[in-house]
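Student: I have a new structure open and would like to learn how to read it. Could you take me through it, one feature at a time?

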Amino acid sequence: MVRDPDRWLTRRLRAPLPAPPAALRRGPLRAGAFPSALRSERLTSQLGVALGVAFGVCFLTGLLSHLIQHPPGWFFWPSRPVWLYRVTQGLHVATGLTCVPLLGVKLWSVYPRLFAWPPLRSIAHAAERAAVAALVAAALFQVVSGVLNIARWYAPMPFFFTTGHYWVAWLAIGALLVHVGVQLPVVRAALRRRAAADRDRRAAADRRRRALLTGVAAAAGLITLTTAGQTVRPLAGLGLLAPRRPGTGPQGLLVNKTAAAAGVVADPGYRLVLAGPAGETSLDLEALNAMPQHTVHLPIACVEGWSQGATWGGVRLRDLVTMAGGDPDRATVLVESLERRGRYRVSTVPPEHVRDPLTLIALRLGREVLHPDHGYPARLIAPNRPGVLQTKWIERLTVRTPR
Ligand SMILES: Nc1nc2c(c(=O)[nH]1)N[C@H]1C(S)=C(S)[C@@H](COP(=O)(O)O)O[C@H]1N2
Ligand SMILES: [Mo]
């Protein structure tokens, strides 16, 4: 009978495993195969803290974006301030891209451990290594898939980006929390340590470590700047991992999907179908233009990190809800596009956005009629809403008022 199962298990897990034959100890497995004095627990710890912060912010802002696009019953996302999503999603993409150099150097600082000898000291050691492997794989997956998505290069991804990126984020954050739990004592000791011995050698190594960290910070800063360049015009000339240039595209505004790509062609007989408690009607462009017109200045804030403000003109969604016999303060509106296929042809506008007087069915950009690529004849533009939910080429609005 086992007296103390806890200690028994610990002893079992920590019991040394037989070492593999020493003859296998060649190449990178040799003792002293990685002589760089630049690698240290201190460097790895500092990079780890920076990476942890960037990853944490990236995870939270990403989760927020996911919740806005797939809101569960308890979730509430306000329509004001109008720029909030622009900021949170900009942060998501910027912190994600910052992880590229941080992760690269951090992996460089620890990869000799891949060749630790013996490879598996005990069952506990094997479990630790497996957990680190899962973390590294998940983190690399997130960074690589995110960069590919920004570049809109889907060929290397044999899965739907959003779903893969979302679920692996949970894997990564779980593995990260375990990793932090295991490494926290090591990190704290490494960050505090100031051994008196070997002062000169340490000073030289410290200088090089600082130079390396400065390089990493500069790379991270440059990437962040160029990401911000997707939103902040004066920085738009730069562009590293962030390929979009604000101000380009028809009517000076970026386009994610063109009318041609969506298979939408202008139809002179266009009518907007409006369905609600009062039944179904349809409005042609003349009727829409005869309604009270409003002008708003609102950004398109794409999930991929670019955003750009523009002046839109058109009809308030709440006026259309009233016309359909719905309650403009409580109704939800289903928006459907003329686009026949495509994941973003339908979106739901929740009550707080329907209610907001800034939410328009836009007919104009500036003083001009919408360009086909911006959603002609009519598109949705609402405050503080992800670009992917700003449905273009609207064919039908269905008003639903709760009982
Ligand atoms: N019907 C439809 N609407 C759509 C899309 C789409 O693919 N189909 N793309 C969305 C995305 S991802 C963005 S960022 C915005 C971009 O609007 P813009 O092209 O006018 O800048 O439109 C949104 N509206
Ligand atoms: Mo987008």
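Predicted model: local features only at pLDDT ≥ 70, side-chain atom pairs only at ≥ 80, totals over all residues.

Student: Where does Ser-109 lie?

Tutor: Ser-109 is part of helix 3. A polar atom of its side chain also lies 2.8 Å from the backbone oxygen of Lys-106.

Student: Is Ser-109 buried or exposed?

Tutor: To decide, look at the relative accessible area; buried means under 20%. Ser-109 has 6%, so it is buried. Leaving aside residues up to four places away in sequence, Ser-109 touches Arg-39, Leu-43, Thr-44 and Leu-47.

**Salt bridges**

Student: How many salt bridges does the structure hold?

Tutor: For a salt bridge, look for a side-chain nitrogen of Lys or Arg within 4 Å of a carboxyl oxygen of Asp or Glu. The structure holds 10 of them. Take Arg-80 and Asp-356, whose closest N and O atoms are 2.7 Å apart. Arg-80 sits in the loop between helix 2 (41-69) and helix 3 (84-110), while Asp-356 sits in the loop between helix 10 (351-355) and strand 7 (360-365), so this pair ties together parts that are 276 residues apart in sequence.

Student: Which of these two partners is buried, and which is partly exposed?

Tutor: Asp-356 has a relative accessibility of 5% and so counts as buried. Arg-80, at 41%, counts as partly exposed.

Student: Which residues come nearest to ligand 1?

Tutor: When you study a ligand, list its neighbours and then check the polar atoms. Of the 19 residues around ligand 1, the nearest are Leu-254, Glu-339, His-374, Arg-379 and Lys-392. By class, the shell has eight nonpolar, six polar and five charged residues.

Student: Which polar atoms lie by the oxygen and nitrogen atoms of ligand 1?

Tutor: A polar side-chain atom of Arg-379 is 2.6 Å from an oxygen atom of ligand 1. In the side chain of Lys-392, an N or O atom is 2.6 Å from an oxygen atom of the ligand. A polar backbone atom of Gln-390 lies 3.0 Å from a nitrogen atom of ligand 1. As for cover, ligand 1 taken alone exposes 540 Å², and the protein buries 98% of that.

**A tyrosine in a loop**

Student: Where is Tyr-344, and what does Tyr-344 touch?

Tutor: Tyr-344 is in the loop between strand 5 and strand 6 (346-349). Not counting residues up to four places away in sequence, Tyr-344 touches Phe-160, Thr-162, Glu-339, Val-388 and Thr-391. At 43% relative accessibility, Tyr-344 counts as partly exposed.

Terms used. Residues numbered from 1 in each chain as written. Chains lettered and ligands numbered in written order. Heavy atoms only, no water. Helix = DSSP H or I, 4+ residues; strand = E, 2+ residues; numbered from the N terminus. Buried < 20%, exposed > 50% of the residue type's maximum accessible area, 1.4 Å probe, protein only. Near = heavy atom within 4 Å. Polar contact = N/O pair within 3.5 Å; in protein donor to acceptor, adjacent residues only side chain to side chain. Areas by Shrake-Rupley, 256 points an atom, 1.4 Å probe, with all protein chains shown as cover. Nonpolar A, V, L, I, M, F, W, Y, C, P; charged D, E, K, R; others polar. Contact = heavy atoms within 4.5 Å.
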